[in-house]
Amino acid sequence: MTPATRQASVRLTQFAHGGGCACKIPPGELEEIVGVLRPAAPAGGGPLLVGIDTGDDAAVVTLPGQQGTAVVCTADFFTPVVDDPYDWGRVAAANALSDVYAMGGRPLLAVNLLGWPRDRLPFDLAREVLRGGLAVATEAGCHVGGGHSVDDPEPKYGMAVTGVADPARLLRNDTGRPGLPLSLTKPLGVGVLNNRHKATGERFEQAVATMTALNRDAAEAALAAGADCATDVTGFGLLGHLHKLARASGVSAVLDTAAVPYLEGAREAVRDGYVSGGTRRNLEWVAPYTDFGDTDEATRLLLADAQTSGGLLVAGEVPGAPVIGELVPLGDHSLVLR
């Protein structure tokens, strides 16, 4: 059997209990774990501009003696979200790089993070995963300098990424203000389409295309428009990440549900039952903080859909991106659906 034939015959998603960012630890449980952590500032280091307090997308620190440059650090990895190993590598790299873009930064260096069941999956598949990650990092102008691998019963891949940003022009999740519109730069629905792919083997090119698209241009457009508040939409779904942004900023968010864009086939996937446990946990987590109005269950699930390598959610108008709501003064709920 040739490597190409072997790759075509292996369905990577069948080696994972979940897929992509739907495998994240539920947000409520995660906050219980990290909520008590208060790292002490090391002697001689630059100020930590963004840490764990608001659950932002990456950590940001200034360099001692170089106040005009901030270092942005993040790490992200997950189980296979698609069966094609090259595409999985591309998706995972774009997803990891997104955290730097979501802070208004530019990625400089990445290292691979690979877990591989060496007795169950051939290494030529792992090579394709790494090749896909390298292709997207190269597109982003980001070096890949090696990495770390372990023998793991379940395949996992991602990257730890270091970037730079102007500390005076960061995109943060705690700087939202009443009156700002909300823009979303990618459509929702990759979670339910990926779940359908895992269950049936159907391939959804529209999902792969949006997951592998870099958020670089969206971040640059947001900064050019004067935005200073943003986050990316990944495993906690649009509602989860919007709730975190509103809570950190001390505001409420009104969401125009009819204005939210979705990928072709997403509603049909919900209708046919391809909803992940991660999506349902997202919806359960935000429910106490949300006025759902008369929003139907299918729309609620799509708004909570666990995205992998989703778009940027920006407090401000971004050219070419739909406006899906606005921030308002803090009310009884952090999220209001209309």
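With which residue does arginine 216 form a salt bridge? The partner is aspartate 217, and the closest N and O atoms of the two are 3.7 Å apart, where a salt bridge requires a side-chain nitrogen of Lys or Arg within 4 Å of a carboxyl oxygen of Asp or Glu.

This is a predicted model, in which local features need pLDDT of at least 70 and side-chain atom pairs count only at pLDDT 80 or more, while totals for chains, interfaces and linings use all residues. Residues are numbered from 1 along each chain as its sequence is written, and side-chain values use heavy atoms, with hydrogens and water left out.

| Pair | N to O distance |
|---|---|
| Aspartate 83 and arginine 11 | 2.7 Å |
| Glutamate 202 and arginine 196 | 3.2 Å |
| Arginine 216 and aspartate 217 | 3.7 Å |

Burial is given as relative accessible area (buried under 20%, exposed over 50%, partly exposed in between; 1.4 Å probe, protein chains only). Aspartate 83 is buried at 9%, whereas arginine 11 is partly exposed at 25%; in the second pair, arginine 196 is buried at 15% and glutamate 202 is partly exposed at 35%. Arginine 216 is partly exposed at 24%, and aspartate 217 is exposed at 53%. Salt bridges with shared partners also join Asp87, Arg90, Arg203 and Glu205 into one network.
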